[in-house]
Amino acid sequence: MSEGDFDYEPTIKNLLEKDTLKWIFVGGKGGVGKTTTSCSLAIQLAKVKKSVLLISTDPAHNLSDAFGQKFSKHPQLVNGFTNLSAMEIDPKPEANAPEVMNNNNSGLNLQELVSGIPGIDEAMSFAEVMKLVKSLEFSVVVFDTAPTGHTLRLLSIPSLMDKSFGKLMSMQQNFSGVFSAFSSVMGPDIPSMDTIESTLNNSKKTIEEVNVQFKNPDLTTFVPVCIPEFLSVYETERLIQELTKLDIDVQNVIVNQIVYPEQDCGLCNARKKMQKKYLDQIDDLYIDFHITKLPLLKAEVRGVDSLKLFSQLLVTQYDPTHPLTLPNESK
Ligand SMILES: Nc1ncnc2c1ncn2[C@@H]1O[C@H](COP(=O)(O)OP(=O)(O)OP(=O)(O)O)[C@@H](O)[C@H]1O
Ligand SMILES: [Mg+2]
Ligand SMILES: [Zn+2]
């Protein structure tokens, strides 16, 4: 193919059209519009997919705020939809640890035992969440992630896990004597080495499966969201480099909160000029990505009706001569 054959449409239609896509991560700096984008993306996916699950892994949990509906750690239909569900998971390791880790009467805190090994408790917790999510069989899952650092840690867990696991296995051998001594004194309440080992092996297997899937561009993609300002563009570039190192596919970049002055206004004109510089940089940097540009609206994008309207901007190119008015916007 020659260069001219490539056409990167400035929408997320490539994601809607990809039948094999199973995991979509939405990420970026704090406050740029990750939650708004992931809700909007999920709404558009729900139009073409059998079932969509939107998961927040951000401890601040803003899906509930965005939709104006309380979600929990189990999937729940979003009001007004028949095939779009949402859930909010607690990313703290203790919250999703396998039963045996903290629910045994042995007085032994296995959580504490393994917490000496960096990443392993988080990995096991993530494995549990992924096990649950996989068993639910949604057509596609959208992750609204926490600001960048945490997400990258989550995605690099599979490789962390491999290292930690080796350590744990050797540690376990050292401990097995202690365990059997405990068992003979305290009886059957202590989880046997077999139980612990099979729990660990189980988590490891899930993590390995997930790892293979996350590195497969047919199944997984990451959608960075940014705003046209120095820090955000800089961090997006770093994020994309990190993702490339982790073998995680990126096809799209969302640029949010672009100012389109409606009148001759000093503030808007100045911001437009500032943004233009970074928009040009983004166009240069991401020449072979689908770059979707979204306007800064007068009101917050909250509630199902506003999100539905906003989500259309992901599949059409925004026309500033026909500004989008949200239902909650005061005239
Ligand atoms: N294009 C836009 N126009 C107007 N308001 C917007 C736009 N995008 C997002 N907002 C509003 O800005 C606020 C922050 O957006 P959002 O919650 O999506 O960001 P976030 O990246 O998820 O933030 P956090 O890092 O805190 O999770 C919200 O109140 C949202 O309604
Ligand atoms: Mg958010
Ligand atoms: Zn203005």
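This is a predicted model: local features need pLDDT of at least 70, side-chain atom pairs count only at pLDDT 80 or more; totals for chains, interfaces and linings use all residues.
Helices (H or I, at least four residues) and strands (E, at least two) are DSSP runs, numbered from the N terminus.

**Entry: Glu137.** Glu137 sits in the loop between helix H7 (120-136) and strand S5 (140-144). Its phi is near 55 degrees, a positive value in a residue other than glycine. Is Glu137 buried or exposed? Glu137 has a relative accessible area of 66%, so I log it as exposed. My cut-offs: buried is under 20% relative accessible area, exposed is over 50%, and partly exposed is in between (1.4 Å probe, protein chains only).

**Entry: Asp247.** I found another positive phi here, about 65 degrees, and Asp247 is not a glycine either. Asp247 belongs to the loop between helix H10 (230-245) and strand S7 (252-258). With 47% relative accessibility, Asp247 goes down as partly exposed.

**Entry: ligand 1, side-chain contacts.** I then went through polar contacts (a pair of N or O atoms within 3.5 Å; within protein, one must be able to donate a hydrogen and the other to accept it, and residues adjacent in sequence count only if both atoms are side-chain atoms). A nitrogen atom of ligand 1 is 2.9 Å from a side-chain N or O atom of Asn256. For oxygen atoms of ligand 1, I have 3.2 Å to an N or O atom in the side chain of Asn62 and 3.4 Å to one in the side chain of Glu300. On its own, ligand 1 has 630 Å² of accessible area, and the protein covers 80% of that. Those areas come from the Shrake-Rupley method with a 1.4 Å probe; for residues, only the protein chains shown count as cover.

**Entry: magnesium.** What coordinates the magnesium ion (ligand 2)? I find Thr35 (OG1) and Asn62 (OD1), at 2.0 to 2.8 Å. The two come from distant parts of the chain, 27 residues apart: Thr35 in helix H2, Asn62 in the loop between S2 and H3. Thr35 is buried at 14% relative accessible area, while Asn62 is partly exposed at 24%. Donors here are N, O and S atoms within 2.8 Å of the metal (3.2 Å for Na, K and Ca), and water is not among the atoms, so sites may look incomplete.

**Entry: zinc.** Cys265 (SG) and Cys268 (SG) coordinate the zinc ion (ligand 3), at 2.1 to 2.2 Å. I checked accessibility for both: Cys265 is partly exposed at 27%, and Cys268 is partly exposed at 26%.

**Entry: UniProt check.** The unreviewed UniProt entry lists Asp58 for "active site". I place Asp58 in the loop between strand S2 (52-56) and helix H3 (63-67), and Asp58 is buried at 9% relative accessible area. The "binding site" annotation, also from an unreviewed entry, includes Lys34, Thr35, Glu229 and Asn256. Lys34 is in helix H2 and is buried at 6% relative accessibility. I keep in mind that UniProt positions are in the numbering used here, feature names are shortened, and annotations may be inferred rather than shown by experiment.

**Entry: pairs apart in sequence.** Met274 is in helix H11 (residues 266-285) and is partly exposed at 28%. Met274 and Glu229 are 45 residues apart in sequence, yet 7.8 Å apart in space, C-alpha to C-alpha. Ala42, in helix H2, is buried at 0% relative accessibility. Ala42 and Val52 are ten residues apart in sequence and 6.6 Å apart in space, again C-alpha to C-alpha.

Notes. Residues are numbered from 1 along each chain as its sequence is written. Chains are lettered from A and ligands numbered from 1 in the order in which they are written. Side-chain values use heavy atoms; hydrogens and water are left out.
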